[in-house]
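Please consider the structure displayed below. The paragraphs that follow lead through it step by step.

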Amino acid sequence: MLQLLIQILMNGLMMGLVYIMMALGFTLIFGIMRIVNFAHGEFYMLGAMAVMLLFSTLGINYFAAVLLAAIIVAVIGMVIERLLLRQFVGRELNGMIMTLAIAITLKAGATIIFGPQEMSIPRPVSGVTNIAGILIPNDRMLVGAIAIAILVLFYFFLRYARAGLAMRAVAQDWEAAALQGIRPQRIYLLSFGIGCALAGLAGALMAPIYTVSPFIGEVPMLKAFIVVILGGLGSLPGAVVGGLLLGVVEAGVATFINTTVATMVSFALVVVILLFRPAGLMGQSR
Amino acid sequence: MKRNKFKRLAATIGGAVVALGTALSPAMAQETLVIGTISALNGPGSEWGRGVDAGTRIAVAEINAKGGLVVGDTTYMIEVKSYDDGYKPAEGVAAATRLIEQDGVKFILGPLGSASALAVKPIFEEEGVLALMNSYSPKTLANNPKYVYRVLPTTTEYVNQIVGWVKENNPDLSNVAVISPNDQTGWDSQKMQVQAYGDAGFEIVGKELFERSSVDFQSIITRLMATSPDIIELDTTPPSTAGLIIRQARELGFEGLFVKIGGPGVPAIVEAAGKEFAEGTIVYAAADTSAEKYQWMEEEYAKIYSPPMNAFNVFFYDAAHLLFASMQKAGTVTDPDAVRDTLVTMTPFEGAQGALVWGGMENYGNNNQLIGPTFIGMISDGEEKIIGRVEAN
């Protein structure tokens, strides 16, 4: 039984790390720009498509392909921010509708270019690691390790880098930040690019583990949404806590009951949080 | 000189009169016949859905290339209107309504998938639109439908024979876990699988349902592994998803046999699972992929959609030909009742894989089920090898 519980915990943690990467970008964009990015799942999909082209089709080294995929998605995100979203910063409803339109367009565009079918990518690593009877597929372990490294990097970036500090300042009060010489427009561009890069990175990392199609962004987007509601919209530590919580709860309920109940429980958690702590576990009421 | 001029004028007028007469003559009239297809063209299950559309289109292209469909005194060039239902009932209803109301279509191939099929069935029955569809739910043929016919053999038709074959060839295996999609298709087909495996002497140790959008099955597999199954039956799980389940189960240490007595799709299974993990999987093959006709169809399919072609393509290719042959014999393309009355008398009909007949009275109380030969395949070195043939019920 203990072995089963540890296996469930490991399954949940692995999923939780991916949820965190999705949710971090989502909550970063909202925290700084006050835009609920409904196209976040499509940036995940673009990351997967990019790695498929770079690694599977062009034969570029997998790690280089993942990095390039994240950069490509970041650039696409920054172009979209500059051309379509800049004017909606702080206007939550309009921004939300614009991101919905972007999501539909990106999905349709990917369908036209790549076709609607599900595609598979060769896995860069295979095999399973057995630690005292707990089985962890090597590809998932690699994703988990990269996700942890990125989280640590992201933490230090926000805490110590000038750009990271500027992002936090704009998130707290853009007018006060502007008075200190920070140009909020640049920060919007940067944070949207980083948010998209994180989603693209998650997609690029998960592409060889799952299948790739223009529609793969829908579920991760939904999970990101649940995670940020749990953790608190705009709260980065909240995204980490929410991601791990969702991953472990889902894995536990899905294993002991079933996946349908696991989905219900994750939404029930959202309902409870919204009723009793609307700002989320670690968010602050405005 | 004048005489020659007169002759030329007379010849011109004569030619024009003949041409006009030809154009107006009912014996040579040419019109357009529009038929519809409804199926999932996107997302999980679209491997099968594209088979509905492409199978129909290949048959249509064949007929159009020969000059069209001759019905009575009229030659019809056939046009296909295709709608995507995404395997969802609401979109199936929207597609059916658009085909009937906007496009004026009276003959439809599809939908495919129980949820969508059961949602549109009352519409076809009420509107008198003849539909050749597929659905794994027995409810599709319940209450003796007048306009709904099923053109694929379903789990009911072949599950007992294939499970019997599995038992005969693997007498040491006893515990079976069944994984199916969590919708009408999965509920109905899982019920049949459980019954068939039980009847064959297997013990059912797990019954799992998953959402079609799922890509991570670690939790389900972790639970199943605790029940020590010898066989994991993948039932009507879409091929790519089945491949993911196989891969994730093998990674979590499952060493037993995978069987998939549901929709076919070996290329997508192998692509998602990897050759090594997919090796030895027993599959319902639907068609003999080594047959010459099948390979010709694959070439035609590649002109419409990206390969690989799914074996479901064959059934809708045959169904479309059966429908057009019925129209010719009935002498109408506008009267679904007359075409239906002829359709039911058209079998045995020589399909791409062998003779097709109408049947199903024992299971459904009517003969609205098209039945043909069924094949058993095994995945070997990433390819489907046909290892058995059973006659469907």
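Helix α8 (residues 239-251) of chain B and helix α9 (residues 266-273) of chain B pack with their axes 7 Å apart, at an angle of about 35 degrees. Helices (H or I, at least four residues) and strands (E, at least two) are DSSP runs, numbered from the N terminus. Axes are lines fitted to C-alpha atoms, for helices over the stretch in contact, and angles run from 0 to 180 degrees between N-to-C directions. The model is predicted: local features need pLDDT of at least 70, side-chain atom pairs count only at pLDDT 80 or more, and totals for chains, interfaces and linings use all residues. Residues are numbered from 1 along each chain as its sequence is written, while chains are lettered from A and ligands numbered from 1 in the order in which they are written.

The crossing of α8(B) and α9(B) is right-handed; a crossing is called right-handed if the near helix is turned clockwise from the far one by less than a right angle, and left-handed if anticlockwise. On the side of α8(B), the contact is made by Pro239(B), Ser240(B), Ala242(B), Gly243(B), Leu244(B), Ile246(B) and Arg247(B). From α9(B) come Ala268(B), Ile269(B), Val270(B), Glu271(B), Ala272(B) and Ala273(B). Two residues are in contact if their C-beta atoms, placed from the backbone, lie within 7 Å. By class, this contact has nine nonpolar, two polar and two charged residues. Here Ala, Val, Leu, Ile, Met, Phe, Trp, Tyr, Cys and Pro count as nonpolar, Asp, Glu, Lys and Arg as charged, and the others, Gly among them, as polar.

In chain B, an open sheet of seven strands has the order β8-β7-β9-β10-β11-β15-β16, with mixed pairing. Two strands pair if DSSP finds at least two bridges between them. The edge strands, each pairing on one side only, are β8 (203-210) and β16 (383-391) of chain B. From one strand to the next, the twist averages 20 degrees. Strand β15 (residues 373-380) of chain B runs antiparallel to β16(B), and eight bridges join them. Pro373(B) stands opposite Glu391(B) in β16(B).

Asp235(B) lies in the loop between β9 (231-233) and α8 of chain B, and its phi is near 50 degrees, a positive value in a residue other than glycine. Asp235(B) counts as buried because it has 29 C-beta neighbours inside 10 Å. A residue is buried if 20 or more other C-beta atoms lie within 10 Å of its own, exposed if 12 or fewer, and partly exposed in between, with C-beta atoms placed from the backbone. Val166(B), in helix α5 (residues 155-169) of chain B, is likewise buried, because 23 C-beta neighbours lie inside 10 Å. Leaving aside its neighbours within four places in sequence, Val166(B) is in contact with Val259(B) and Ile282(B).

Chain B also has cis peptide bonds. One runs from Pro307(B) to Pro308(B), with omega near 5 degrees; Pro308(B) is found in the loop between α11 (292-302) and α12 (312-330) of chain B. Another joins Thr347(B) and Pro348(B), with omega about 5 degrees, and Pro348(B) is found in the loop between α13 (336-343) and β12 (349-350) of chain B.

How many residues of chain A are in contact with chain B? The answer is 26 residues of chain A, in contact with 28 residues of chain B. The elements that give two or more residues to this side of chain A are α1 (2-33), β2 (134-137), α9 (218-231), α10 (236-256) and α11 (259-276) of chain A. The largest share, five residues, comes from α1(A). By class, the residues of this side divide into 12 nonpolar, 12 polar and two charged.

Within chain A, α1(A) and α10(A) pack at an angle of about 145 degrees, their axes 7 Å apart, and the crossing is right-handed. Their contact divides into 16 nonpolar, nine polar and one charged residue. In α5(A), Asp139(A), Arg140(A), Val143(A), Ala147(A), Ile150(A) and Phe154(A) are buried. The buried residues of α5(A) pack against α1, β2 and α8 (184-206) of chain A.
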